[in-house]
Amino acid sequence: MKFEQVCQTMYAYFSQKPLIKVAIPLAMPLMMIFAALRLLNSFISMDSVVQAIIFFGFLFFLILTVSACNFRMAAIGLGLYALSYAVSFLSSLIRYQNFRFSVLLYVLVYGFLAYQALRKSVA
């Protein structure tokens, strides 16, 4: 089964749910807002509850964006998320001389996912 068929099946499923059906057209801008908030969190430390809301909100709207087969915007959102972790990694490395492997792993994973989504949007 091709990935586009999986996305179309997810879109058909989400379109049947009344609350999610309303959120599908808003998924792309809200995903970008949550990614921008995560980037802002790299500069201004937010509460852990707010960070959890940002993470789960981004993940939910990323799934809705991918279900609409909008891979270019998913790549941009994932790229912003990878950029926020890269900024966090570099700031901890420069300020505190602390090499954080977990944040480097996040940069690699989100960067790889952004690259794959970008490849999918070009193909």
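Figure 1. From the N terminus on, the elements run α-α-α-α-α-α. Helices (H or I, at least four residues) and strands (E, at least two) are DSSP runs, numbered from the N terminus. The C-alpha atoms fill a box of roughly 50 × 30 × 20 Å, taken along the principal axes. Residues are numbered from 1 along each chain as its sequence is written. In this predicted model, local features need pLDDT of at least 70 and side-chain atom pairs count only at pLDDT 80 or more, while totals for chains, interfaces and linings use all residues; side-chain values use heavy atoms, with hydrogens and water left out.

**Figure 2. Helix α1 (residues 3-16) meets α4.** Their axes come within 8 Å and cross at roughly 115°. Axes are lines fitted to C-alpha atoms, for helices over the stretch in contact, and angles run from 0 to 180 degrees between N-to-C directions. α1 and α4 are therefore roughly perpendicular to each other. Angles of 65 to 115 degrees count as roughly perpendicular, under 35 as roughly parallel, over 145 as roughly antiparallel and the rest as oblique. From α1, Phe3, Cys7, Gln8, Met10, Tyr11 and Phe14 make the contact (heavy atoms within 4.5 Å) with Ile63, Leu64, Val66 and Ser67 in α4. By class, this contact has eight nonpolar, two polar and no charged residues. Ala, Val, Leu, Ile, Met, Phe, Trp, Tyr, Cys and Pro count as nonpolar, Asp, Glu, Lys and Arg as charged, and the others, Gly among them, as polar.

**Figure 3. α4 packs against α5 at an angle of about 160°.** The axes lie 9 Å apart. α4 and α5 are therefore roughly antiparallel to each other. Ile54, Phe55, Phe58, Leu62, Thr65 and Val66 are the α4 residues in contact. Their α5 partners are Phe71, Met73, Ala74, Gly77, Leu78 and Tyr81.

Figure 4. The axes come within 8 Å and cross at roughly 160°. α5 and α6 are therefore roughly antiparallel to each other. Residues in contact include Phe71, Tyr81 and Phe89 in α5, and Val103, Tyr110 and Ser121 in α6. The contact has 18 nonpolar, four polar and two charged residues.

**Figure 5. The largest pocket holds about 280 Å³ of space.** On a 1 Å grid over the protein atoms alone, a pocket is an open set of points where a 1.4 Å probe fits, with protein on both sides within 12 Å along at least five of seven lines; a cavity is a set from which the probe cannot get out, and lining residues have an atom within 4 Å of a point. Grid points are joined across faces, edges and corners, and a volume is the space filled by probe spheres set on the points. Of the 16 lining residues, Asn41, Ser42, Ser88, Ser91 and Arg100 are the closest to the centre. α5 gives the most to this lining, with six residues. The lining divides into five nonpolar, eight polar and three charged residues.

**Figure 6. The second largest pocket has a volume of about 220 Å³.** Its lining includes Phe3, Leu62, Phe71 and Lys120. The largest share, five residues, comes from α6. Eight nonpolar, one polar and two charged residues form the lining.
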